[in-house]
Amino acid sequence: ARTHPNDIGAVLDISQKTGVAIEICAFIGSSPIRQLVERWDIEKMSGLVRDAVKLSVDNGCPLTFVTEDTIRAHPTTLRQLFWTAIEHGADRLVLTDTVGHATPDGLQNLLQFTRSLLRSWGAEHVKIDWHGHNDRGLALALNLFALEHGVDRVHGTCIGVGERVGNGSIDQLLINLKLLGVIDRDLTPLRGYVHKVST
């Protein structure tokens, strides 16, 4: 959902009708490019984040805060947006590489920066996700790198389907995790899953 009351309200409506406390992933563009296009300043962005988080949490749904294009955002912008989200009840941050710009060094720097902020705020309980795209062909490698460096969850799609050249391939990720001995589960249904999505 966007950090917009209409989007959050739609998810809350589904949650209330089903009786399930749905995890809402609410995103806002965080790069200078998005701020220029939308004519947003940090006060406007912080207000959108605050209102989205409060609306979700006040209605019983956990909120995961997503900064779109995190990897190219300015650290002061990230600091303000992360703090606003956490202060009002977000319990998970999603760091994103929306245009496939990241390298392993860049991801490592972003993770160190984010963890440093969480420590300084006494917010080590906040979980961290990684969401990458494959424009440079690094999505799978970065997913593995993110897991190796302690992120709590990585995102992917079947056969990497997604915007432009796609996201991290969840099927390749599972196979690699199995080969590395990180997971021990039967992956034979994966063939049918990939076939179904590809047809």
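A residue counts as buried when its relative accessible area is under 20%, as exposed when that area is over 50%, and as partly exposed in between, using a 1.4 Å probe and protein chains only. The structure above is a predicted model, in which local features need pLDDT of at least 70 and side-chain atom pairs count only at pLDDT 80 or more, while totals for chains, interfaces and linings use all residues. Residues are numbered from 1 along each chain as its sequence is written, and side-chain values use heavy atoms, with hydrogens and water left out.

Let us begin with the charged pairs. A salt bridge here is a side-chain nitrogen of Lys or Arg within 4 Å of a carboxyl oxygen of Asp or Glu, and by this rule the count comes to 13. One of them joins Asp184 to Lys178, with N and O 4.0 Å apart. Asp184 counts as exposed because its relative accessibility is 75%, whereas Lys178, at 34%, is partly exposed.

Now follow Arg153, which forms a salt bridge with Glu23, their closest N and O atoms being 2.8 Å apart. This pair links distant parts of the chain, 130 residues apart: Arg153 lies in strand β5 (residues 153-154), and Glu23 in the loop between α1 (5-18) and β1 (24-29). Helices (H or I, at least four residues) and strands (E, at least two) are DSSP runs, numbered from the N terminus. Arg153 has 28% relative accessibility, so it counts as partly exposed; Glu23, at 33%, is partly exposed.

Arg92 and Asp129 also meet through their side chains, in a salt bridge of 2.6 Å from N to O. Here strand β3 (residues 92-97), which holds Arg92, is linked to strand β4 (residues 127-132), which holds Asp129, and the two residues are 37 apart in the chain. Both Arg92 and Asp129 are buried.

Next, look at the surface. Ile159, Val161, Tyr193 and Val197 form a nonpolar patch there, with about 320 Å² of accessible area together. Patches are made of residues with over 30% relative accessible area and no salt bridge, with like charges joined within 9 Å and nonpolar side chains (Val, Leu, Ile, Met, Phe, Trp, Tyr) within 5 Å. Accessible areas come from the Shrake-Rupley method with a 1.4 Å probe, and for residues only the protein chains shown count as cover.
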